[in-house]
Amino acid sequence: SELAHGLAVLEGDAEEAERLLNEQIDRGTAEQGARWLLKAAVQRLEDRLFDQSEGPPFAKVQRMLQRIELPDKSEIRSSMTVSMSLIQHTMALLEGDRARAEALVDGLESLSHPDDPIVLHARLKAMVAFGADPAAIRNAYDRAAAAQLTPFHRAVVGLTLVEHLVRLDRGEALALFDALPLPEAWDEMGTPQHRYAARWWYLKGHLDPGAAATALREAARCFRQAGCIDAAKAATLRLHRVL
């Protein structure tokens, strides 16, 4: 069941999680299977710290995407196509494949329009990954943030920029971080919100040395709640170095 799969993920039992995922896919409809595979692929890609050098297991993620059978309903089909493109885009960024990343965003834009919030955030991520000019990045950030449809999505775009500035050790990171909503700002706490909280606390560990131990402990806890077990372990390792 979905619950057993979630539990295996939380316990860091990758083999059992995979077995249960396969079981769910075999039992469910094609549409349910596609949703579970997308969710599992995103989970794999998000299970890392922004300043980690090694990438996630791309081959596993690609295999999940290859197994997806897109449903016939055009509405669901197009939203799943967008999700798949975003997963491919994240992999292209992590692999440093600029041409592929650009082609994927152009493809997303052709399905929608240049001011689509998803397209603008993807463009910002690419500029950050490939080291665009700071003024151009700031401009892309302002556009992407303004286009988001909810305060939560706007805050996630903020995390993208702050992580970039922290990586470059840029002074303006702190002011931008202080303007981000606190992790408890959200009414509902699902996986995306737990992931936001984890990334927020991990950034606090970087930006507030006096609170680093507390922040990293919280980051590890929130990563675990989001099912990001590798990220939780990596945050705990960093905590031990701080203590």
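This is a predicted model: local features need pLDDT of at least 70, side-chain atom pairs count only at pLDDT 80 or more; totals for chains, interfaces and linings use all residues.
**Entry 1: α6 and α7**

I began with the packing of helix α6, residues 98-111, against helix α7, residues 117-129. Their axes lie 9 Å apart, and the angle between them is about 165°. Angles over 145 degrees count as roughly antiparallel, so I noted α6 and α7 as roughly antiparallel to each other. I then looked up the handedness, and the crossing of α6 and α7 is left-handed.

Which residues make the contact? From α6 I listed Val-105, Asp-106, Leu-108 and Glu-109. From α7 I listed Val-119, Ala-122 and Arg-123. By class, the residues of this contact divide into 4 nonpolar and 3 charged, with no polar residue.

**Entry 2: salt bridges**

I turned next to charged pairs. How many salt bridges does the structure hold? The total is 14. I looked up some of them in turn.

Arg-238 and Asp-51 meet through their side chains in a salt bridge, at 3.7 Å from N to O. I placed Arg-238 in helix α13, residues 229-242, and Asp-51 in the loop between α3 (30-46) and α4 (58-67). The two residues are 187 residues apart, and the pair links distant parts of the chain. I also checked accessibility at both ends. Partly exposed covers the range between the buried limit of 20% and the exposed limit of 50%. Arg-238 has a relative accessibility of 22% and therefore counts as partly exposed. Asp-51, with a relative accessible area of 31%, is partly exposed as well.

Arg-143 forms a salt bridge with Asp-115, and the closest N and O atoms are 2.6 Å apart. Arg-143 lies in helix α8, residues 134-147, while Asp-115 lies in the loop between α6 and α7, so this pair ties together parts that are 28 residues apart in sequence. That loop joins the two helices of my first entry. For Arg-143 I recorded a relative accessible area of 40%, which makes this residue partly exposed. Asp-115 is partly exposed too, at 45%.

I also noted the salt bridge between the side chains of Lys-204 and Asp-208, at 3.1 Å from N to O. Asp-208 has a relative accessible area of 28% and is partly exposed.

**Entry 3: Pro-56**

I went back to the loop between α3 and α4, where Pro-56 lies. Is Pro-56 buried or exposed? Its relative accessible area is 9%, and Pro-56 is buried. I then asked which residues Pro-56 touches, not counting residues up to four places away in sequence. They are Arg-44, Leu-45, Arg-48 and Leu-94. I also took a C-alpha separation: Pro-56 and Glu-46 are 10 residues apart along the chain, and their C-alpha atoms are separated by 8.4 Å.

**Entry 4: Asp-169**

My last entry concerns a backbone angle. Asp-169 is not a glycine, yet its phi is positive, at about 60°. I located Asp-169 in the loop between α9 (151-167) and α10 (173-178). With a relative accessible area of 70%, Asp-169 is exposed, whereas Pro-56 is buried.

Technical notes
Residues are numbered from 1 along each chain as its sequence is written. Side-chain values use heavy atoms; hydrogens and water are left out. Axes are lines fitted to C-alpha atoms, for helices over the stretch in contact, and angles run from 0 to 180 degrees between N-to-C directions. Helices (H or I, at least four residues) and strands (E, at least two) are DSSP runs, numbered from the N terminus. Angles under 35 degrees count as roughly parallel, over 145 as roughly antiparallel, 65 to 115 as roughly perpendicular and the rest as oblique. A crossing is left-handed if the near helix is turned anticlockwise from the far one by less than a right angle, and right-handed if clockwise. Contact means heavy atoms within 4.5 Å. Ala, Val, Leu, Ile, Met, Phe, Trp, Tyr, Cys and Pro count as nonpolar, Asp, Glu, Lys and Arg as charged, and the others, Gly among them, as polar. A salt bridge is a side-chain nitrogen of Lys or Arg within 4 Å of a carboxyl oxygen of Asp or Glu. Buried means under 20% relative accessible area, exposed over 50%, partly exposed in between (1.4 Å probe, protein chains only).
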